[in-house]
Amino acid sequence: MTTQTLRVIECRGTPRQIGQQWGEACRESLRASADNLFLTLSMSPLAASREDVVRTALKLETNVRAFDPEALELIRGQAEGTGLPYGETFALHCMLELAINYAQIGGMCTSMALTGEATKDGQALLGQTIDWNPGARMDLLRIRHADGREQLSLCLDGSPYYHLNSDGVGNCANLTLVEPRPCASLVPLSVYVPKAMRQPSLSAALEVLVTAARGFGYYHLADAQGHVVGIESTYDDHVLLRPERGVLVHANHYQSERFRERDVTHRYVPCTFGRRERIAKLVAAGHGQHTPETVKQMLTDHGTPEGRICLHDTQPAPGAMPRETAATVVMAPARRTMWIAVGPACRRPFAEFSL
């Protein structure tokens, strides 16, 4: 079970400087995450070598350069800070894309976005479990960008997927899967999600996601004004999900009718349906009274074997990779505050971080 203490790394300046500071402060965890990535992919049906994995990842470099050249500067700075080769550092930023390419999918997540009549004060709340491979490493970056915008970025094994910025825009992230296929415009999640979450408004962040989300990313977005929205994507399409009675909940299967027939997530984690049903039931039971504390409590729920929200001490399904809750996250965008428990929140305390 995850027992690490969350490290908070202060970063500021240009993208390259931020990457260098991140790499230097997290040298040990980033190098360990890279080693774990290459080891996991070497056990795939294709028995991918380190060199194979790097070559596969670097096929996306041209897309990243066209989409956000500053991301490449950050990755170069991170490589300098860790002492890892640039190609291996780039591969670490392609963790999910590589896992799907080599059919090594194990971890999943459950999330919620609540607002309006669903919460006690009418303001938006976000919450999710981050379920991944046992031993996954979590680091929190507190970033001050050159334009003065500040950002909390929670990183899973070196990939920044979960964010809250000083304009009060935050996100959750879930994996959703359709059959993999070539996608000429594919950009790694760890590149396009941070760019989206540097934007000054929910609508601007959504514009980035609509352009870049391809194939396996679902996101709840919320802002300080109480707006929430969800976005599901495939390799060539997307659907926006709107709250019902102030509620959006999600696991790892597609909920929009347009994508259900293409969904293959259940092949890897059939518990997705039970988790979605369970979190919806918990949210409905407290409708109108939800606060950060009630969201934290819901995310500790063990439910039933088919619908556990907080994951630990469970055997993986036949053929599936092991997984556990690597972190539990709650955000209140209007308060510019994020609470994080590293590991299962039923066993680990939440720490508070504010911008």
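**Entry 1**

The model is predicted, so local features need pLDDT of at least 70 and side-chain atom pairs count only at pLDDT 80 or more, while totals for chains, interfaces and linings use all residues. Residues are numbered from 1 along each chain as its sequence is written, and side-chain values use heavy atoms, with hydrogens and water left out.

I then placed Y86 and F90 in helix α6 (residues 86–92), where they sit 4 residues apart, about one turn of the helix. Helices (H or I, at least four residues) and strands (E, at least two) are DSSP runs, numbered from the N terminus.

**Entry 2. Aromatic pairs**

A pair of aromatic rings is described by the distance of the centres and the angle of the planes. Rings of Phe, Tyr and Trp (its six-membered ring) pair if their centres lie within 6.5 Å; planes under 30 degrees apart count as stacked, over 60 as edge-to-face and the rest as tilted. How many aromatic pairs does this rule give? I noted 4 aromatic pairs. For Y86 and F90, the ring centres are 6.2 Å apart and the planes stand at 45°, so I recorded this pair as tilted.

I also looked up Y192 and Y219, which form an edge-to-face pair with 6.2 Å from centre to centre and 85° between the planes. This pair links distant parts of the chain, since Y192 is in helix α8 and Y219 is in strand β8 (residues 217–223), 27 residues apart. Y192 and Y219 are both buried.

**Entry 3. Nonpolar cores**

A nonpolar core is a set of buried Ala, Val, Leu, Ile, Met, Phe, Trp, Tyr and Cys residues joined through side-chain atoms within 4.5 Å. Which residues have the most contacts inside the largest core? I found L156 and Y192, in a core of 99 residues. Helix α9 (residues 202–212) gives the largest share of this core, 6 residues. Apart from this core lies another, of 16 residues, with M112, I279, I309 and W339 among them.

I listed the contacts of L156 (heavy atoms within 4.5 Å), leaving aside its neighbours within four places in sequence; they include M95, I130, W132, Y161 and A326.

I also looked at A204, which is found in helix α9. A204 is buried, with a relative accessible area of 17%. Between A204 and E10 there are 194 residues of separation in sequence and 26 Å in space, C-alpha to C-alpha.

**Entry 4. Salt bridges**

A salt bridge is a side-chain nitrogen of Lys or Arg within 4 Å of a carboxyl oxygen of Asp or Glu. I noted 18 salt bridges in the structure.

In one of them, the side chains of R267 and E179 meet at 2.5 Å, N to O. This pair links distant parts of the chain: R267 is in the loop between α10 (257–260) and α11 (272–285), and E179 is in the loop between β7 (169–175) and α8 (189–196), 88 residues apart. Are these residues buried or exposed? R267 is exposed, with a relative accessible area of 54%, and E179 is partly exposed, at 42%.

The side chains of D237 and R258 meet in a salt bridge at 3.0 Å, N to O. D237 lies in the loop between β9 (228–233) and β10 (238–241) and R258 lies in helix α10, so this pair ties together parts that are 21 residues apart in sequence. I recorded D237 as partly exposed at 25% relative accessibility and R258 as exposed at 52%.

I also found a salt bridge between D313 and R347, with the closest N and O atoms 2.5 Å apart.

**Entry 5. The chain as a whole**

I counted 12 helices and 14 strands in the protein chain. The radius of gyration (taken over C-alpha atoms; the globule rule is 2.2 Å times the number of residues to the power 0.38) is 19 Å, close to the 20 Å that the rule gives for 355 residues, so the chain is as compact as a globular protein of that length. The C-alpha atoms fill a box of roughly 50 × 50 × 40 Å along the principal axes. Buried residues make up 61% of the 355 residues.

Terms used:
Buried < 20%, exposed > 50% of the residue type's maximum accessible area, 1.4 Å probe, protein only.
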